[in-house]
Every structure is written in structure tokens, then in C-alpha cells.
Amino acid sequence: MNDRIAKLQSYMEHRELDAMLITLPKHVFYLTGYASDPHERFLGILLTPDKEPTLIVPALDEEAARGAAAGVGAFATHTDTDDPYAVLKGLLPGAIRRFGLEKTHLTVSRFERLAAAVGASEYVDVDEPLREMRVVKSDDEIVRLKRAVSLVEEVLRRGLEKVTPGVTEIEIVAELEYQMKKLGSEGPSFSTSVLAGEKSAMPHGTPGMRKIQTGELLLIDLGVFADGYASDITRTFAVGEIDDKLKRIYDTVLQANLRAIEAVKPGVSYASIDKAARDVIEAAGYGPQFVHRLGHGLGIDIHEFPSIHAGTSDLLVAGAVFTVEPGIYVPGLGGVRIEDDVRVTGSGVEVLTSFPKELTVIG
């Protein structure tokens with residue numbers, strides 16, 4: 001935590017910032033280890049050149065913050081009847097010329113209140129250094145990510161025991177999310193998706209009362225938070241015997257998944273990873289049915305930088321963690337997606353997910 005704060009302080013000095021305020025709760029957690037959902041209340045960590053970092057928290061969260069936060073030199077609190085921006089103003093080192101903040105997080109309303117209190121001449125976006133820091137995962141972060149992966153894979157194993165013709169999509173969702181809590185996760189990292197038959201052709205379909213039937217595909221996309229870090233896995237199953245066309249679609253997606261993973265190594269572009277998978281799918285005649293990017297970064301958020309698609313020029317670096325999730329979606333018939341979580345190593349790739357990818361018949 002201290003190293004991360006030190007990097008931001010170095011950035012603050014390089015950019016000649018008089019102060020910096022971090023307000024995104026995920027970034028407060030990333031910098032201090034204190035995880036909180038403040039709802040509408042003010043939460044932030046204030047960095048200034050001449051003082052230790054100050055964590056500003058609602059008074060009702062002070063005890064929890066003091067027990068969890070690391071790398072923080074001081075705490076400031078506000079009650080529900082206080083003006084938190086007045087509290088912030090009282091912590092500033094005199095007149096402020098350049099003030100750093102996260103522009104993508106602040107609403108216009110909050111920025112207006114903050115600007116009235118700070119009175120800076122210029123407001124500088126500090127999202128870039130935070131994004132760059134978060135791309136490279138530390139050893140501790142990898143341990144947490146692996147635990148999140150291990151948990152979700154056990155959740156999936158247990159959930160599949162409940163799959164039988166006649167059960168509804170939403171019943172399987174309920175079982176999976178029950179198992180998430182039972183096994184010790186903090187909960188789902190996104191809305192669990194269970195889509196059967198023709199609905200599996202909807203990449204972002206909504207589970208409902210549709211009953212699972214023999215002879216169709218079942219797509220399950222799920223993830224959990226564990227120790228503040230997310231996992232994300234998709235597997236597609238055959239409910240009983242499926243026809244040759246669905247088997248061919250499945251085999252094509254599997255080969256695209258494997259080809260993309262084989263292409264992962266430091267220094268190559270994310271666009272080339274996307275292309276490795278897309279070439280397989282296009283060669284099989286399903287190019288138009290692969291309608292989304294190959295994957296996304298993974299860490300304290302379920303979707304974070306980088307975005308893995310053909311239009312990015314960013315290069316892979318050792319320590320980056322992201323998903324590889326090619327898919328084919330044929331309206332009216334069904335869809336297949338196979339998603340793994342991978343880490344870039346010094347020489348290649350480590351696949352964090354280990355749940356079998358061969359076509360599995362269930363039910």
C-alpha cells in the first residue's frame with residue numbers, strides 16, 4: 001500500500017500538483033486496503049506534498065477504517081449533518097493552484113461542490129497513473145485472484161449438480177449465488193448469467209423462467225469477489241445429446257480460445273490476441289457471429305483496463321491479468337462462449353482458470 005501511495009506522490013510532484021484527492025471507493029481500497037461502499041456519503045484520500053495521506057470517511061465508518069487502512073497518516077471524519085467539502089477545505093495546505101482528481105468518477109454536482117471548496121486554478125485528471133499501476137498485479141494480488149477463481153470454479157461444480165431438464169434458468173442462478181456465499185466469497189462480481197437453448201445466442205441475455213431442455217446448449221457466465229478481487233468464467237454445456245451443427249460451433253470456439261491463449265506473451269499487442277481468436281472463427285464461417293471484443297482486464301473491478309479488441313495498440317506486460325472469451329452466437333439456434341482468466345508471465349502465459357473446456361454433457 002505504501003508503495004502505491006508513494007508512486008502517486010511521485011506523480012504529484014512530477015505534475016506539480018498542490019494536492020490530490022482520490023474518491024473512487026475501489027481506488028481507496030487499492031491504496032489503503034480499506035473497502036467501503038459509502039453510498040451517497042463522502043469518502044476520499046487526500047495527498048499533499050508536505051503531509052501524510054489523510055483518509056476522509058463518514059463518522060459512522062471511522063472504527064472500520066482505522067482498523068483496515070494502511071499507509072494512512074491521519075483520519076478526518078464528517079457526520080451526516082456536516083459539509084464534507086468544508087472538512088476537505090480545512091485540510092488543504094493553503095492556496096491551491098493545480099489539484100488532481102479522478103474525472104471519470106466525479107459527477108458534475110460533486111465536482112461543482114468540490115471546486116467551490118478547493119478553489120484551484122486547474123483540475124488535473126489522475127486516472128492514467130492509477131490505471132497504469134493497476135495493470136501490473138503484485139504477487140499478493142495474484143494470490144487473491146487465484147482464490148476468487150478457485151471459489152467460482154467450485155461454485156460452478158456444485159451448481160451443475162442441480163441442472164436437469166425442466167429446471168429454470170433462474171433456479172440455477174439462485175443455486176449458484178447461494179453457493180457463492182456458502183463457500184465464503186463476498187458475492188457475485190457481476191449478475192450471474194444462465195441462458196438455455198436459443199437464449200444462449202444472446203451475449204448479454206437475461207435469465208428467466210425458461211426451462212432447460214434436452215438437446216440444447218446451456219451457457220453459464222459467473223464470477224465472485226474474494227478478498228476484494230474478481231473472477232470471471234464462462235462455460236457452455238450440452239444438455240443431453242446435441243446436433244452436429246452445435247458441436248461444430250463449440251469446437252470452433254474452443255480452438256479460438258486455445259489459439260488466443262497460445263499467443264499471449266509480453267510485448268505483443270492486445271489486438272494480435274483478439275485477431276488470433278477471430279481468425280479461427282472467421283475461417284469456420286462464423287465471423288459475423290463473433291460480436292464482441294475478446295476480453296477485458298480483471299482485478300479489483302470485473303471490467304478494467306485493458307480492453308482486448310482489434311482497435312487497441314496497447315502491448316501486453318508481465319503481470320497483466322485479463323479474460324479470453326471468444327464466442328459464436330447464432331440467433332434462433334444457440335451460442336457458445338468459453339472464457340478463461342489469464343496472467344501474462346515473464347515469458348508467456350499462466351491460465352488461472354482450470355475448469356474443463358471439452359464439450360461436457362450434463363443433465
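I take helices and strands as DSSP runs, numbered from the N terminus. By that naming, Gly334 lies in strand E17, which covers residues 334-337. I note at the outset that this is a predicted model.

**Entry 1: Gly334**

Is Gly334 buried or exposed? It is buried, because its relative accessible area is 1% and the cut-off for buried is under 20%. I then listed its contacts, leaving out residues up to four places away in sequence. Gly334 touches Gly197, Glu198, Ser200, Ala201, Leu217, Ile328 and Tyr329.

**Entry 2: strand E8**

I moved on to strand E8, residues 193-196. In a regular strand, side chains alternate between the two faces of the sheet. I asked which residues lie on each side of E8. Ser193 and Leu195 are on one side, Val194 and Ala196 on the other. All of these are buried, so both faces of the strand are covered. E8 runs antiparallel to strand E9 (residues 216-222), and four bridges join them. Across from Ala196 I found Leu218 of E9.

**Entry 3: salt bridges**

How many salt bridges are there by the rule used here? I have a count of 25.

I opened the one between Arg97 and Glu16, with N to O at 3.9 Å. This pair links distant parts of the chain, 81 residues apart. Arg97 is in the loop between helix H4 (84-91) and strand E5 (98-101). Glu16 is in the loop between helix H1 (2-14) and strand E1 (19-22). Arg97 counts as partly exposed, because its relative accessibility is 43%. Glu16 is exposed, with a relative accessible area of 53%.

Next I took Arg134 and Glu304, whose side chains meet at 2.6 Å, N to O. They too link distant parts of the chain, 170 residues apart. Arg134 belongs to helix H6 (residues 127-135), and Glu304 to strand E14 (residues 304-308). Arg134 is buried, at a relative accessible area of 10%. Glu304 also counts as buried, at 11% relative accessibility.

One more pair went into the list. Arg210 forms a salt bridge with Glu216, with closest N and O atoms 2.9 Å apart. Both of these residues are buried.

**Entry 4: backbone**

I stayed with strand E14, where Pro306 lies. The peptide bond from Phe305 to Pro306 is cis, and its omega is near 5 degrees.

I then looked at positive phi values outside glycine. His39 has phi near 60 degrees. It sits in the loop between helix H2 (25-32) and strand E2 (44-47). I recorded His39 as exposed, because its relative accessibility is 57%. Asp227 has phi near 55 degrees, also a positive value in a residue other than glycine. Its loop runs between strand E10 (224-226) and strand E11 (229-230). Asp227 counts as partly exposed, at 34% relative accessibility.

**Entry 5: nonpolar cores**

In soluble globular proteins, nonpolar side chains tend to be buried together. I asked which residues touch the most other members of the largest nonpolar core. They are Leu8, Met20, Ile22, Leu31, Tyr34, Ile45 and Leu55, out of 35 residues in that core. The elements giving two or more residues to this core are H1, E1, H2, E2, strand E3 (54-58), H6, helix H7 (139-160) and E11. A second core is separate and has 34 residues, among them Leu246, Ala260, Val264 and Ala284.

**Entry 6: rings**

My count of aromatic pairs by the rule is six. Tyr270 and Phe322 form an edge-to-face pair, 5.4 Å centre to centre, with 80 degrees between the planes. Tyr270 lies in helix H10 (residues 270-283) and Phe322 in strand E15 (residues 321-324), so the pair ties together parts 52 residues apart in sequence. Both Tyr270 and Phe322 are buried. I also noted one aromatic cluster formed by Phe99, Phe111 and Tyr123.

Last, I looked at charges over rings. The charged end of Arg131 sits over the ring of Phe305, 4.2 Å from its centre. Arg278 lies over the face of Phe290, at 3.9 Å from the ring centre.

Key: Residues are numbered from 1 along each chain as its sequence is written. This is a predicted model: local features need pLDDT of at least 70, side-chain atom pairs count only at pLDDT 80 or more; totals for chains, interfaces and linings use all residues. Side-chain values use heavy atoms; hydrogens and water are left out. Buried means under 20% relative accessible area, exposed over 50%, partly exposed in between (1.4 Å probe, protein chains only). Contact means heavy atoms within 4.5 Å. A salt bridge is a side-chain nitrogen of Lys or Arg within 4 Å of a carboxyl oxygen of Asp or Glu. Two strands pair if DSSP finds at least two bridges between them. A nonpolar core is a set of buried Ala, Val, Leu, Ile, Met, Phe, Trp, Tyr and Cys residues joined through side-chain atoms within 4.5 Å. Rings of Phe, Tyr and Trp (its six-membered ring) pair if their centres lie within 6.5 Å; planes under 30 degrees apart count as stacked, over 60 as edge-to-face and the rest as tilted. A charge sits over a ring if NZ of Lys or CZ of Arg is within 6 Å of the ring centre and within 35 degrees of the ring normal.
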